[in-house]
Amino acid sequence: IKDIQLKEQKMFTDMLAHELKNPLASICFTVDTLEIYADTNQKNRLERITRAVSSIDSIVKLCVLSDRIDNNKLTLVLSSFEPINTCKQVISSFDVNRVHLRNNTASTTSVESDQELLKVIITNLLKNALIHSPSKGSVEVRYSEYVNEIEIVFTNQIRSKQTLDLNNIFEKYSQGDSQNNSNGNGLGLYIVKSLAEKLCIDLEVSANNGVFSIKLKIPRSLPS
């Protein structure tokens, strides 16, 4: 029965991604065209449309990736790279006023892993941190290197009335908030955990005095 359910889920996800791809592209093209002739107020409205389209596109991509994980269809593409540069690249796509990188290493070194999957992990952790932060709250990313591993710690304050359910935080469709006050979709941290397992990355989670943190321990190379 489970195999049938996974097959049906894959068919639905593939259909959804295919059917939404062209309409979303058309909306983006139309918005880009309208921006040429738009005044300031109109550009602000168009920007909101662009953000909404980007959000829908992100959800579709998360669904597709989740489906690949559930169907064991992920293939690792290993390469040598410096994780600090991966962090900087991902962070550059976020609001510089809300995400702050603290590099505790004077000189950086490389790891042997899947860089694209690490990008997904970092992206999802940043999005999750911002979602659960107070309005205009920020996220600190601390980067450190040790002999056998790289550590990246994501820290953010949580909203005053928010209660995190740490026992189920990585479960699929769980939003971490025991009172269901989150705006998340419940896939981000599930994907983080699944990809971390693929890359042999240890995850440590803590929440103390209104501060939430997730630590990644990235090995220098994957076990042979």
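Q: Where does Ser66 lie, and is Ser66 buried or exposed?
A: Ser66 lies in helix α2, residues 40-70, where helices (H or I, at least four residues) and strands (E, at least two) are DSSP runs numbered from the N terminus. Ser66 is buried, with a relative accessible area of 2%, buried meaning under 20%, exposed over 50% and partly exposed in between, with a 1.4 Å probe and protein chains only.

Q: And what is Ser66 in contact with, leaving aside neighbours within four places in sequence?
A: With those neighbours left aside, Ser66 is in contact (heavy atoms within 4.5 Å) with Lys172, Leu187, Tyr190 and Ile191.

Q: What about the largest nonpolar core, which residues touch the most other members?
A: Leu126 and Ile152 do, out of 43 residues; such a core is a set of buried Ala, Val, Leu, Ile, Met, Phe, Trp, Tyr and Cys residues joined through side-chain atoms within 4.5 Å.

Q: Which element gives the most to this core?
A: That is α4, with eight residues.

Q: Which residues is Ile152 in contact with, beyond four places in sequence?
A: Among them are Cys87, Val141, Tyr143, Ile214 and Leu216.

Q: How were the values set up?
A: Residues are numbered from 1 along each chain as its sequence is written, and side-chain values use heavy atoms, with hydrogens and water left out. As the model is predicted, local features need pLDDT of at least 70 and side-chain atom pairs count only at pLDDT 80 or more, whereas totals for chains, interfaces and linings use all residues.
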